[in-house]
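The sequence and the structure come first.

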Amino acid sequence: MVWREKLAWIAVTLLGTVGLGVVALNRGEPVDAAWLVIAALCVYAIAYRFYGQFVANRALGIDPARPTPAFRHNDGLDYVPTNKYVLFGHHFAAIAGAGPLIGPVLAAQMGYLPGTLWILAGAVLAGCVQDLTILFLSTRRDGRSLGDMIRSEMGPVAGGIALIGITLIMVILLAVLGLVVVKALAGSPWGTFTVICTMPIALLMGVYTRFIRVGRIGEMSAFGVVLLLAGLFFGRTVAESAALAPFFTYSAEALALALIAYGFVASVLPVWLLLAPRDYLSTFLKVGTMGLLAVAIVIARPYLQMPPVTRFIDGTGPVFAGNLFPFLFITIACGAVSGFHALIASGTTPKMLETEGQARFIGYGAMLTESFVAIMAMIGASVIHPGIYFAMNSPAGLIGTDPAQAAQVISGWGFLLTPDMLTQIAKDVGETTVMSRTGGAPTLAVGMAQILSGAFGGSALMGIWYHFAILFEALFILTTLDAGTRVLRFMLQDMIGTVVPAFRRTDSWANTLAGSGLAVAAWGWFLYQGVIDPLGGINQLWPLFGISNQMLAAIALILATVVLCKMKRQRYVWVTGVPALWLVVCTLTAGLQKLFDARPAVGFLSHAAVFGDALAAGKVLAPAKTLAEMSRVVTNDYVNASLAAAFVALVAAMVVFGLIGIRRALANPRSTASEVNALGAMVGDD
Amino acid sequence: MAPWWAMTEMGQAKNPAATSYNRPDMGPDGVSDGAPLHRRGLAQARLICDGVARTARLMVGVPDYDAYLAHQERAHPNQPAMSYAEFFRNRQQARYAFDKGRFRGCC
């Protein structure tokens, strides 16, 4: 390194330290969000340049001269050597989604500092390492999927267990994303109208690119976005019209049932009709809005109203139950480390990589960008007045439904709030109420509306920006519901097909309908249960989702650790081994606490016991209103407990398989990894 | 000097097949260094637009059609290549042909 470069890195380090210092040590007065951005960018730059390079070059032993699958199997379609900036865009668009936007918003209940520190440290040391390593491993194995790699490196039983894990995650993921949409749209005619508009628009776009101007994605997306914005503006008129508003005002239960029906219908339609055009719209809108938000934060320079640390680090918070360890880590999930990225990094990206030398830019770099999205979500949640934040994210069972009562309860928590502030913010964003809009999306939308209207348009446009943010989240969540139901259907068909082979045939309409029905029933059950849960559902479902996501990350990192040992690179085993161990400890602790914790708010079984005892005595406990609801609460607790138990068992089993794999690898003096060698032949495959 | 989006990594020099830029009809920055400045500026602007468009298309799963044609010509000169419409439908179907664990865009 020349001295000028050294000086530059010393400057970056100093700047980052100052930024972190301001963010961490400030007490009392609001902090400029710019400091948070500066601290994050400096951390990312240093991590990418030094640790990322160390992991790529030393730990993994990247060989830029080795032919990649894109060259060995070049077919101009799936396997295409692709410019690294173009591929970065593809990879980032595939990994980014609702997760990093929602997790940090929920985590803000403990203050912005604990969450921010984990988003930075987790991404740099665990998330980016996972993405880079899995991308590298898959590239060395002709772009094989995560499941395939687990099967070939750790044995068929481990592969089967991982597949069951992925299926369970899908169910929980779809339920929790559905719940986020339901919570955002319930009783909101403006939001509901805009989201319903996306369906005819997508159908129109689908027909346009299929028959009228085939494959003209640019034209189609441009006029799709224009129609979408027209719907957004007209939504205000609909909401303000006494005649039209009732047609688009629905209860949460009705929306949940509609969403379940939508998931079923959408997943059996041909992909070009609804899924593909909507996917195009939501992808462009997603990437565009994230960029816009970054620009707006720089221009508006908002102040963080949330204190760095709140009293809720003791585990008594209303947004999610449980202590800082492990539940903060479980809640943030995707913004720091996400198991889903292991599926993407072993999907289409490794088939397009020009050289292994670019794996760091794409694997490590895209995850850093995703982590920055999580930081922006944290900023979005922290620029709102903390009292309003808690009013939006506390279930009605805790704060009631009356602004005066809610203001009193929340002021009692130490966040001074008047009923006027609640009605004013609802009026500003064009809603009747913002109370108990749990699920993160509405909170983020209020934060984004504040930031964006601060940068462009002033407070007059706040309602438009709020509903734009809701639309942007709902759009890609609905796309995920559609695509996810198809994936789940495929996995169910595959699993049930081992018993009833005829069920595997994907060209049969009966199979498609039955498979979609099963898939929708699985996530729909959890969604509906979450909607009618008086404690708000997100409370129960988000931790389960977080546990499952971190579990998948743990599985991916265990695989990476085993393969490092098989490659005889055990000197560097800590690079993936330490994050794997951390995730195992986190998921096991969280899973066991969800099962056995004595606090009914945390432990499913103790919650079931409280309600079961009351039921046996013939008493009705709030928030349930009838004995039938009481027994439903108990049943839900047992189902949730079984799921948590399944996750704990899955993690434990994978740890055992991992340890067996490591022992075998270390006992063998030669490399036993089954990868494609420099000459293009598969070696070590058994 | 190649523009930033067409720049190659250090290691790529060792890998002669790795042509970062998939358009055989153009040089790495689209125009020779001897050309007048305004022509080079225009060429650069065009290249940036082209790069953005290719990124946007690949984001939704449609790879570069020119690269496909170049590949067909090189590898299978005697077989007819798909038209753009066929190519688009083929790629659209492939993007949503979900198999085990292939999943995008949740977090």
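A salt bridge is counted here when a side-chain nitrogen of Lys or Arg lies within 4 Å of a carboxyl oxygen of Asp or Glu. The structure is a predicted model. By that rule R49(A) and E5(A) form a salt bridge, with an N to O distance of 3.9 Å. R49(A) sits in helix α2 (residues 33–59) of chain A and E5(A) in helix α1 (residues 3–25) of chain A, so the pair ties together parts that are 44 residues apart in sequence. Over all chains, the search of the whole structure gives 20 salt bridges.

Two salt bridges are found across the interface of chain A and chain B. In one of them, D279(A) is paired with R95(B), and the closest N and O atoms are 2.9 Å apart. The table sets this pair beside the one described above.

| Salt bridge | N to O distance |
|---|---|
| R49(A) and E5(A) | 3.9 Å |
| D279(A) and R95(B) | 2.9 Å |

Polar contacts between chain A and chain B number eight residue pairs, counting those with both residues at pLDDT 80 or more. On the side of chain A that touches chain B, the helices that each supply at least two residues are α4 (84–95), α5 (99–107), α8 (156–185), α9 (189–212), α12 (275–300), α14 (340–345), α21 (462–497) and α23 (538–566). The largest share of that side, nine residues, belongs to α4(A). Sorted by class, the side of chain A that touches chain B consists of 37 nonpolar, 23 polar and 12 charged residues.

In total, 72 residues from chain A and 50 residues from chain B take part in the contact. About 5000 Å² is buried between chain A and chain B, and carbon and sulfur atoms account for 62% of this area. Of the area that chain A buries against chain B, 12% comes from L77(A), Y85(A) and V86(A), more than from any other three residues.

Five cavities of 30 Å³ or more are present in the structure. The second largest cavity holds about 80 Å³ of space. It is lined by 11 residues, and the closest to its centre are T82(A), V86(A), L58(B), P63(B) and D64(B). The lining of the second largest cavity is made up of seven nonpolar, two polar and two charged residues.

Two backbone details remain, both in chain A. Most residues other than glycine have a negative phi, and most peptide bonds are trans. F325(A) and P326(A) are joined by a cis peptide bond, with omega about 0°. P326(A) is part of helix α13 (residues 324–332) of chain A. D142(A), which is not a glycine, has a positive phi of about 60°. D142(A) is placed in the loop between α6 (112–139) and α7 (146–154) of chain A.

Notes: Residues numbered from 1 in each chain as written. Chains lettered and ligands numbered in written order. Predicted model: local features only at pLDDT ≥ 70, side-chain atom pairs only at ≥ 80, totals over all residues. Heavy atoms only, no water. Contact = heavy atoms within 4.5 Å. Buried area = accessible area lost by both parts, 1.4 Å probe. Polar contact = N/O pair within 3.5 Å; in protein donor to acceptor, adjacent residues only side chain to side chain. Helix = DSSP H or I, 4+ residues; strand = E, 2+ residues; numbered from the N terminus. Nonpolar A, V, L, I, M, F, W, Y, C, P; charged D, E, K, R; others polar. 1 Å grid on protein atoms, 1.4 Å probe; cavity = no way out; pocket = protein on both sides within 12 Å on 5 of 7 lines; lining within 4 Å. Points joined across faces, edges and corners; volume = space filled by probe spheres on them.
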